[in-house]
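Reader: I am new to this structure and would like to be guided through it. Could we begin with a single residue and widen the view from there?

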Amino acid sequence: ADSRKASLSPPETRPMALRRALARVSGAQSSGRALAAAGARALSSEAAVEVPRLGQVDAIPSGPATRMNLFTAINQGMRAAMQTDDDCILFGEDVAFGGVFRCSMGLREEFGGERVFNTPLCEQGIAGFAIGYAATGRSCIAELQFADYIFPAFDQIVNEAAKFRYRSGGQFDCGGVTFRSPCGAVGHGGLYHSQSPEAYFAHTPGLKVVMPRSPAQAKGLLLSCIRDPNPCLFFEPKALYRASVEDVPDADYEIPIGKAEVVTAGDDVTLVAWGAQVHVMEKAAAMARDKLGVSCEVIDLRSILPWDAETVAASVNKTGRVVIAHEAPKTGGFAAEVASEIQERCFLRLEAPIQRVTGYDTPFPLAFERHYVPDALKVFEAVKAATSF
């Protein structure tokens with residue numbers, strides 16, 4: 001703690017909110033320090049380089065790119081945001097040591113302990129401080145270590161962050177806050193480290209909710225969230241942190257929030273998903289093509305609040321059939337909202353009932369995770385049901 005304090009800038013040069021927060025968390029330590037040390041040193045030894053800022057783009061930009069996994073792309077996105085905004089800060093449990101999923105590796109070494117710091121294990125406190133800091137007109141990235149533990153912060157997010165601008169008649173806002181949180185199945189997480197809570201927040205006007213499917217998508221969408229003038233929740237499918245690898249542009253770019261992407265074009269059935277389930281849909285589409293001769297159009301929503309109903313409706317009006325998948329339980333899941341909107345917009349063009357492939361209405365199981373999570377075979381059966389109706 002003493003060496004950390006010595007490295008900070010003079011107290012009078014820091015914002016009051018930040019001074020108070022640092023006073024509270026300056027002694028916070030974590031058992032992850034030793035685990036993160038080697039990787040942090042390696043990353044911090046790399047010299048920071050200036051990259052072109054392209055702004056919002058409809059597609060992943062061309063140009064120089066580096067092959068990386070999802071958590072590294074998120075790291076690069078946060079680095080770009082902090083390089084271009086000196087007031088942007090990052091905090092949460094263990095983030096100063098790189099985070100449990102290594103997403104913040106090297107950032108404290110690069111930007112200092114006054115901009116990247118640990119917090120106590122208190123999600124409502126993390127969210128409350130984030131809202132207060134953003135209310136001063138600055139931007140911040142608050143990490144909630146697992147989406148399953150976002151619920152203690154639920155009141156702060158849905159009753160404070162989402163309504164800050166509205167209740168003040170537009171005089172004040174906390175739009176500079178972005179909440180990051182790992183979500184979804186991981187193979188061994190059980191009921192407290194596997195949930196997908198996006199639908200809870202999709203019911204809240206004033207928030208934006210995003211979930212990427214890949215590294216290049218994650219970097220562009222995260223930068224859009226951080227720079228968006230509204231509070232954003234950025235859910236990261238933790239099963240993809242290392243499993244999803246692709247070339248990510250070195251440039252600073254943003255992918256528009258609220259715009260879906262047609263990942264695979266098709267004519268017979270529309271498959272709609274977001275996050276890790278997009279990869280499941282692509283596998284199911286390949287199975288349907290090879291085994292049934294059915295052409296599936298795969299759509300990645302990318303954000304579910306706002307969500308791109310126009311792109312989905314255009315596809316369903318073409319195919320007449322649709323399958324929607326997500327990991328969360330079926331009842332009240334966001335697939336129900338998508339299905340309702342499709343029914344309103346495309347009723348006369350539908351050739352079969354809308355199919356939902358989701359988790360079950362039970363707590364997330366440990367031993368039976370394979371049976372709980374939607375997979376390509378379940379989606380394939382839904383495609384068969386839709387085409388044989």
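**A residue in strand β2**

Author: M68 lies in strand β2 (residues 65-69); helices (H or I, at least four residues) and strands (E, at least two) are DSSP runs, numbered from the N terminus. This is a predicted model, in which local features need pLDDT of at least 70, side-chain atom pairs count only at pLDDT 80 or more, and totals for chains, interfaces and linings use all residues. Residues are numbered from 1 along each chain as its sequence is written, and side-chain values use heavy atoms, with hydrogens and water left out.

Reader: Is M68 buried or exposed, and why?

Author: M68 counts as buried because its relative accessibility is 11%. Buried means under 20% relative accessible area, exposed over 50%, and partly exposed in between (1.4 Å probe, protein chains only).

Reader: Which residues does M68 touch?

Author: Leaving aside residues up to four places away in sequence, M68 touches A73, Q76, P215, S244, V245, E246 and V248. Contact here means heavy atoms within 4.5 Å.

Reader: How much accessible surface does the chain have?

Author: About 16,500 Å², of which 53% belongs to carbon and sulfur atoms. Such areas come from the Shrake-Rupley method with a 1.4 Å probe; for residues, only the protein chains shown count as cover.

Reader: Let us turn to helices. How do α4 and α10 cross?

Author: The axes of helix α4 (residues 70-84) and helix α10 (residues 215-227) come within 8 Å and cross at roughly 30 degrees. Axes are lines fitted to C-alpha atoms, for helices over the stretch in contact, and angles run from 0 to 180 degrees between N-to-C directions. The crossing of α4 past α10 is right-handed, a term used if the near helix is turned clockwise from the far one by less than a right angle, with left-handed for anticlockwise.

Reader: Which residues make that contact?

Author: On the α4 side they are L70, A73, I74, G77, M78, A80, A81 and T84, and on the α10 side P215, A218, K219, L222, L223, I226 and R227. By class, this contact has 11 nonpolar, two polar and two charged residues. Ala, Val, Leu, Ile, Met, Phe, Trp, Tyr, Cys and Pro count as nonpolar, Asp, Glu, Lys and Arg as charged, and the others, Gly among them, as polar.

Reader: How many residues of α4 are buried?

Author: In α4, 11 of its 15 residues are buried, including F71, N75 and R79.

Reader: What span should α4 have, and why?

Author: At 1.5 Å a residue, its 15 residues should span 21 Å, and the end C-alpha atoms are 21 Å apart, so the two values agree. The expected span is 1.5 Å times one less than the number of residues. For α6 (residues 123-134), the 12 residues should span 16 Å, which agrees with the 16 Å between its end C-alpha atoms. The buried residues of α6 include E123, F129 and Y133.

Reader: Now the backbone. Where is there a cis peptide bond?

Author: The bond from L305 to P306 is cis, with omega near -5 degrees. P306 lies in the loop between β14 (303-305) and α13 (309-319).

Reader: What is the phi of R302?

Author: R302 has a positive phi of about 70 degrees although it is not a glycine. R302 lies in the loop between β13 (296-300) and β14, and counts as buried because its relative accessibility is 4%. D94 is another residue other than glycine with a positive phi, near 75 degrees. D94 lies in the loop between β3 (89-92) and α5 (107-111).

Reader: Finally, where is F235, and what does it touch?

Author: F235 is in strand β8 (residues 232-237). At 1% relative accessibility, F235 counts as buried. Beyond residues up to four places away in sequence, F235 touches several residues, among them A147, C183, F201 and M211.
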